[in-house]
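Biologist: I would like to go through this fold with you. Shall we put the model up?

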Amino acid sequence: MSSIIPLFSSAVMVCSTKYALSAEEEDYIRNVEYSDNSGNLKSSSDRILAQPELALLQDFVQKQINSYTQNLLKLDSSIDLYITQSWLNKAGKDQYHPLHNHPNSVLSGVLFLSGGGELPPIRFHRFNPLFPLELNFSELNDFNATCRWFEPVYGQLILFPSSLLHDVVPNKTDSTRITLSFNTFLRGEIGNASALTSLTI
Ligand SMILES: [Fe+2]
């Protein structure tokens with residue numbers, strides 16, 4: 001049988017454990033202040049996960065980040081990934097998230113705080129086309145698709161490389177789509193002294 005190798009693929013991690021928010025955490029999130037954002041609303045604070053009221057949620061997110069870097073990426077243990085900015089987004093009827101990625105970050109994540117119904121999914125897009133051609137396929141898979149989406153599931157966390165392009169189409173429901181997002185950066189020793197690429201961050 002032939003071997004198929006998913007060469008240089010992007011690892012998106014859909015965490016198997018969903019986070020169960022307490023009534024107090026839900027209450028805290030419900031009362032967060034929002035300001036305008038491109039296509040939707042974003043929390044005025046960009047340090048949501050650093051709030052003492054959400055310490056358990058921050059702990060959950062950090063454990064999933066560690067699982068991604070240690071179990072999946074096999075990143076050297078001298079390097080830590082820590083959460084930098086974290087914020088909430090709210091998309092009411094006809095609101096959306098334009099196509100973007102997250103500069104100045106290594107790994108990003110989105111935790112769904114609403115789900116079900118017809119709420120729009122997060123969509124990830126292929127940056128470089130496999131072929132410079134518009135082709136039709138009888139079915140889509142990870143090798144031919146240019147877009148892959150994930151439906152919002154309440155309490156579910158998705159981790160992805162920050163460079164990966166993503167968007168959310170307009171919310172056509174009467175329900176509000178709420179998500180928590182965050183960025184990360186690394187701390188530790190990278191590079192190699194003898195190759196003159198050594199850096200302590
Ligand atoms: Fe994003």
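Predicted model: local features only at pLDDT ≥ 70, side-chain atom pairs only at ≥ 80, totals over all residues.

Modeller: D94 counts as exposed because 9 C-beta neighbours lie inside 10 Å. Residues are numbered from 1 along each chain as its sequence is written.

Biologist: Where does D94 lie, and what is its phi near?

Modeller: Most residues other than glycine have a negative phi. D94 has a positive one. The residue lies in the loop between β4 (80-91) and β5. Strands here are DSSP runs (E, at least two residues), numbered from the N terminus. The phi of D94 is near 70°.

Biologist: Is F8 buried or exposed?

Modeller: F8 lies in the segment before β1. Its phi is also positive, near 55°. F8 has 5 C-beta neighbours inside 10 Å, so the residue counts as exposed.

Biologist: Which strands stand at the edges of the open sheet of four strands?

Modeller: The order is β5-β10-β7-β8, with antiparallel pairing. Two strands pair if DSSP finds at least two bridges between them. Each edge strand has a single partner, so one side of each is left without a neighbour in the sheet. The edges are β5 (97-100) and β8 (147-150).

Biologist: Which residue in β10 is the bridge partner of H100?

Modeller: β5 and β10 (residues 165-168) pair in the antiparallel sense over two bridges. The partner of H100 is H166.

Biologist: Which strands stand at the edges of the seven-strand sheet?

Modeller: This open sheet runs β1-β9-β6-β11-β4-β3-β2, with antiparallel pairing. Two strands have a single partner each, so one side of each lacks a neighbour in the sheet. They are β1 (13-14) and β2 (34-36).

Biologist: Which residue in β11 stands opposite L111?

Modeller: Four bridges join β6 (residues 107-112) to β11 (residues 177-187). The two strands run antiparallel. Opposite L111 stands L180.

Biologist: Which residues is I201 in contact with, leaving aside neighbours within four places in sequence?

Modeller: I201 sits in the segment after β13 (199-200). With 11 C-beta neighbours inside 10 Å, I201 counts as exposed. Contact means C-beta atoms, placed from the backbone, within 7 Å. The contacts are L186, R187, G188 and I190.

Conventions. Buried ≥ 20, exposed ≤ 12 C-beta atoms within 10 Å, placed from the backbone. Contact = placed C-beta atoms within 7 Å.
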